Amino acid sequence: MSRLMRKFLLAVLAPLLIMGVLSFSLTAFLVNRFAEDERYSQLTREANIIKEALAEGRPVPREIQGFITRDGVTEQIGGRGRQVVELPILNDLQQQDSIEVQGNRLLTYQLTSGDTVITTIREAPLASSALDGVYLAIGVALLAALLLATGLAYYMGRQFIRPIMELRIVAKQIGDGRKDVLLPDRPNDEVGDLIHAVDEMQEQLVQKEVLQKSFIAGITHDLRTPLAIIRNETEALAAGVIPVDELPDVTTSIIEETDRLGLLIDETLVYSKLAGGMMLLDRIEVALEQLVEETAERLQSTFQKDGLRLTVETVPVRLALDRRMFERVLVNFLMNARVAAPVGSEVLVRLTATELTVEDAGTGVAENDRSTIWDLYVKQTGGSGHGLGLAISRLILDSHGLAYGVRDSMLGGACFYIRFK
């Protein structure tokens with residue numbers, strides 16, 4: 001039996017067992033209480049019969065057991081006739097009381113008639129074999145109910161737990177790298193939702209693997225290309241085959257390719273540190289409008305060179321953030337807009353009291369891609385990056401607790417936004 005089945009049976013049967021024991025105890029108590037009331041009524045009737053018999057001078061019926069106390073003398077009446085006995089305990093009894101005789105509990109009733117005290121006595125119902133059948137019936141019914149509940153709980157538990165046990169096997173197979181696993185049938189309940197979630201996880205893992213292979217292939221190509229250029233031009237320099245007047249162009253090319261390699265390595269390291277929580281934020285209060293204007297001013301010449309107009313609209317906003325990390329996000333948004341915007345169009349940066357937006361007039365971002373472009377390895381269509389920029393931006397914005405996303409722009413393209421409130 002699995003651990004989950006044992007827990008399920010314990011969760012079902014423990015309350016039933018407790019409820020059964022309490023029900024049995026309460027029922028036994030009520031039955032005994034009712035029987036005692038009936039027994040006291042019987043004792044009362046017998047005491048009155050003895051009183052009438054004494055008043056009329058008749059003998060007391062032999063089946064009635066009791067005592068008559070008169071002038072300090074106590075006589076026992078019943079089966080063997082009258083016998084004088086010494087029972088001091090009778091002097092301290094209440095009208096309805098109980099006594100212990102040789103380990104047996106007896107119920108008593110006393111009736112006073114003039115100078116005569118009549119005491120009737122009977123065995124207490126709880127000690128009576130007459131109630132044994134009632135208690136036995138209750139106990140058998142309780143046991144049968146528990147056995148039936150155990151069988152039903154075991155059957156229902158197997159129905160509930162079987163998909164989970166099958167799902168555990170499937171999860172292990174997925175963890176081992178298998179892609180052709182068959183998921184169990186989906187019941188219309190939370191277990192079915194869990195199976196659906198595992199199915200989605202499997203699809204995402206396959207997609208991530210495809211994207212990862214694509215990313216590795218892209219990174220390899222992006223590393224190999226500048227390295228090949230640097231190697232070829234360095235070898236040409238070493239061989240002395242490059243004319244002197246071309247040396248500035250060659251050295252500039254080597255520097256540019258080296259910068260490309262440095263940028264790629266830097267982005268990879270930054271993402272690794274952010275994802276691993278090893279890059280602590282240096283948050284200070286920043287005049288956000290000043291940061292936006294300075295960043296846009298620094299990139300103004302780059303946009304003009306590509307035939308684009310970079311427009312900035314700001315209002316004063318102060319926010320506690322890591323200036324260097326937030327600037328990295330803004331630059332990424334701007335450079336993505338630069339790549340997407342057609343020549344001669346406008347890229348608009350707008351800062352309001354609640355939001356920072358970067359808009360372009362490009363083709364925009366498809367509805368289905370708006371949630372995935374923030375993932376690692378995913379590149380925008382037509383983008384020149386490595387699929388790291390927006391993934392790094394997502395980690396930075398998440399660490400600041402800021403809302404972000406992309407929507408349609410009034411310029412016709414995409415509008416990337418960061419919301420403060």
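Helices (H or I, at least four residues) and strands (E, at least two) are DSSP runs, numbered from the N terminus. The structure is a predicted model, in which local features need pLDDT of at least 70 and side-chain atom pairs count only at pLDDT 80 or more, while totals for chains, interfaces and linings use all residues. Residues are numbered from 1 along each chain as its sequence is written, and side-chain values use heavy atoms, with hydrogens and water left out.

**Exercise 1. Describe the protein as a whole: how many helices and strands does it have, and what share of its residues is buried?**

Solution. 
Step 1. The protein has seven helices and 13 strands.
Step 2. Burial is judged by relative accessible area: buried means under 20%, exposed over 50%, and partly exposed in between (1.4 Å probe, protein chains only). Buried residues account for 36% of the 421 residues.
Step 3. Contact means heavy atoms within 4.5 Å. Of the contacts with a separation of 6 or more, 62% are between residues 24 or more positions apart.

**Exercise 2. State where Glu123, Ala55 and Arg58 are placed, and classify each as buried, partly exposed or exposed.**

Solution. 
Step 1. Glu123 has its place in strand E6. Its relative accessible area is 35%, so Glu123 is partly exposed. In sequence Glu123 and Ser98 are 25 residues apart, and their C-alpha atoms are 9.4 Å apart in space.
Step 2. Ala55 is found in helix H1, residues 3–56. Because its relative accessibility is 70%, Ala55 counts as exposed. Between Ala55 and Ser113 there are 9.9 Å in space, C-alpha to C-alpha, and the two are 58 residues apart in sequence.
Step 3. Arg58 has its place in the loop between H1 and E1. With a relative accessible area of 38%, Arg58 is partly exposed. Leaving aside residues up to four places away in sequence, Arg58 touches Glu52 and Ala53.

**Exercise 3. Trace the open sheet of six strands: what is its order, and which are its edge strands?**

Solution. 
Step 1. Two strands pair if DSSP finds at least two bridges between them. The order is E3-E2-E1-E6-E5-E4, and the pairing is antiparallel.
Step 2. Strand E3 (83–85) and E4 are the edge strands, each pairing on one side only.
Step 3. Axes are lines fitted to C-alpha atoms, for helices over the stretch in contact, and angles run from 0 to 180 degrees between N-to-C directions. With direction ignored, neighbouring strands of this sheet are turned by 30° against each other on average.
Step 4. Strand E4 (residues 96–101) and strand E5 (residues 104–113) run antiparallel and are joined by six bridges. Ile99 has Leu106 of E5 as its bridge partner. Two residues lie between the strands of this hairpin, and there Gln102 takes a positive phi near 50°.
Step 5. Strand E1 (residues 66–70) is joined to strand E6 (residues 116–123) by five bridges, again in an antiparallel run. Opposite Arg70 stands Thr116 in E6.
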